[in-house]
Amino acid sequence: MSSLTFPRFFLRHPILPGFSLTFGFSAFYLSLVILLPICALLLYLSDMSWAQYWQAVSDRRVVQSYYVTLSGAFYSTIAATMIGMLLAWIITRYDFPGRRLIDSLVDLPFALPTSVAGLTLATLLVPGGWLGQWLYPLFGVKLAYAYPGIVIAMTFTSLPFVVRTVQPILQDIGNEHEEAALTLGAGKVQIFCRVIFPSLVPALITGASQAFIRSLGEFGAVIMIAGNIPFKTEVSSLMIFVRLQEYNYPAATAIASVILFSSLALLFLLQLAQARYISGKTK
Amino acid sequence: MLKKALIALTLAAATFASATASAQDKTLLNASYDVAREVFAEINPRFLTHWEKETGQKLKIDQSFAGTSRQAQDIIQGKKVDTVTFNQVTDVDILAKRGLLSKDWNKQFDNNSSPYYSTIAFLVRKGNPKNIKNWDDLVRDDVKLVFPNPKTSGNARYSYLAAWLFASARFNGDEEKTRQFVGKFLHNVENFPTGGRGATVAFAQNGQGDALLTFESEVVNIAKGDEFKAEGFEVVVPPVSVLAEFPVAVVDKVVDAKGTRKEAEAFLQFQYTREIQELLTTFNYRVHHPEVVAATADQFSKVELINPNEVLGSWDDIQTKHFGTNGTLDQLLAQKP
């Protein structure tokens, strides 16, 4: 289907002027900033044989690091999605003193160098730290320099993605729908589940997937709080760093390619899922 | 009027010319490891005065600080560094391998071209509650350690080697027993930060582990420095440890192109003078100058230092056998404790 519509699209004279210029610039920019580095990566990979590639990416320790990274990103995405939705809800729906402050604080993880964030979190959460002295006896598990630290650091750095994608949607919905539902006799839970939540789903999916992918690649914050014990708390980006330090560039590139292509595949799948969801809804 | 303008113009030209002349004063770029900042902030001005007194020439020294593997990478990729003052022999060797400096760089200056050296020591908590005295205390079940990841940090590579050399001497070179010992040692590590600073924070600020392992100079600086003085940490220098040389070298390719060989060599030679050797001991580095050694004998604990090259072969061999991908270090970490 799409292969048929593609050429027809280019033959049609566009209504808005400047199409060729803007399209050309976009293509150029995409090539320069995204495709060129990917090509360089592939070029590096082409030096390796399949056996070497497989050996580099299937090393037991590296495989374990995929598991740590994926599961950490998974849990942190759940946490970030829930906390992010709450934050967005509060910021958009209630006008309270300090709302603007909270609104701007949400972006802090973007502004803060992530290794600083990781180090700060570690200092707070160690058993003797400000937070850790209360949390440690409560849960009885180590938070900083252990697996939970990875999840916390990932949640911290990916939270703004969820808030910033959900927030405009919530603002758009306005109160009218809720009021209409209320006059039709819906309860509070019903309003949330059947009126508000469904319209948030696409934004939540986008936000969550961005948060997930950000977490897959997170380096600075995670290595500062993870403890980095082999087979337990080593993330894949650290394995890339380790290979670089060994002057083993091909192996580093190979591991990077696994992360990159799985992220790309995931993004693509999510695009498809979202397109289907939206078209399914309008039918 | 015209005459005045002409005079002004010549004057301006003259000042411009003299400005460019002073811009042509030679500049040296010295690349060092991260924690060398304070050291070279002291050394460099002294050398500049010394050089001006000797030759009447003005000289300028720019400094660059980073992990030395990173520095080596930058130099390989074309950074115009005249001299390197590193804390890793392997990172100078890499430069020699790439033809940037001569293969026998370590014969250019005295003491294997290392004006000063250090070793691995332990920093323990106040009162040494776990009674840590030697390397075999570090493999006890109740002792937890903190040091950086040996893959990403040079001083941690020395910690690993020190444990290996200690065990190898104790078991008379029995490799299987040595592996067991070092494996246990590695599994006692609670936390592998990627760099020295991260390890210091984890141990000193965040209360991780019972002992922090790093260069003796660093250990003493942490214990005595203002930042953590109040914690009362104690320095433990084990009776046996590893010799960690801090190599210096002239980057031949760069100095020949820039015409700064004379200055670069003089700068490195200057590190061996009594004045600088004394200065280095105030930063807790061990030095070679016999008078300085005699004068500071009380400052440094007696320790038997083993040169890794005498037991394990060249740095090349050590690098591939122990620190390469799936080398001994990786194998030991992969073992179940």
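This note goes through chain B of a predicted model point by point.

1. Basis. Residues are numbered from 1 along each chain as its sequence is written, and chains are lettered from A, ligands numbered from 1, in the order in which they are written. Local features need pLDDT of at least 70 and side-chain atom pairs count only at pLDDT 80 or more, while totals for chains, interfaces and linings use all residues.

2. Overall form. Chain B has 16 helices and 14 strands, taken as DSSP runs numbered from the N terminus (helices H or I, at least four residues; strands E, at least two). Its C-alpha trace spans about 90 × 45 × 35 Å along the principal axes. Of its 337 residues, 44% are buried (20 or more other C-beta atoms within 10 Å of the residue's own, with C-beta atoms placed from the backbone).

3. Contact range. Two residues are in contact if their C-beta atoms, placed from the backbone, lie within 7 Å. In chain B, 72% of the contacts between residues at least 6 apart in sequence join residues at least 24 apart.

4. Helix α6(B). Of the 17 residues, 15 are buried. B:Asn172, which follows the helix, has a positive phi near 50°.

5. Packing of α6(B) on α7(B). The axes of α6(B) and α7(B) (residues 175–187) lie 9 Å apart at an angle of about 140°, with axes fitted to C-alpha atoms over the stretch in contact and angles run from 0 to 180 degrees between N-to-C directions. From α6(B), B:Ala163, B:Trp164, B:Ala167 and B:Ser168 meet residues of α7(B), including B:Phe181 and B:Phe185. By class, this contact has 6 nonpolar, 2 polar and 1 charged residues (nonpolar: Ala, Val, Leu, Ile, Met, Phe, Trp, Tyr, Cys and Pro; charged: Asp, Glu, Lys and Arg; polar: the others, Gly among them).

6. Sheet. An open, mixed sheet of 5 strands runs β7-β6-β8-β5-β9 in chain B, where strands pair if DSSP finds at least two bridges between them. Its edge strands are β7 (189–191) and β9 (234–236). Strands β5 (120–124) and β8 (211–215) of chain B pair antiparallel over 5 bridges, and B:Val124 has B:Ala211 as its bridge partner.

7. Interface. Chain B places 21 residues in contact with 24 residues of chain A. The elements of chain B giving two or more residues to this side are β7, α8 (196–205) and α16 (328–334); α8(B) gives the most, with 4. This side of chain B divides into 7 nonpolar, 12 polar and 2 charged residues.

Key
A residue is buried if 20 or more other C-beta atoms lie within 10 Å of its own, exposed if 12 or fewer, and partly exposed in between; C-beta atoms are placed from the backbone.
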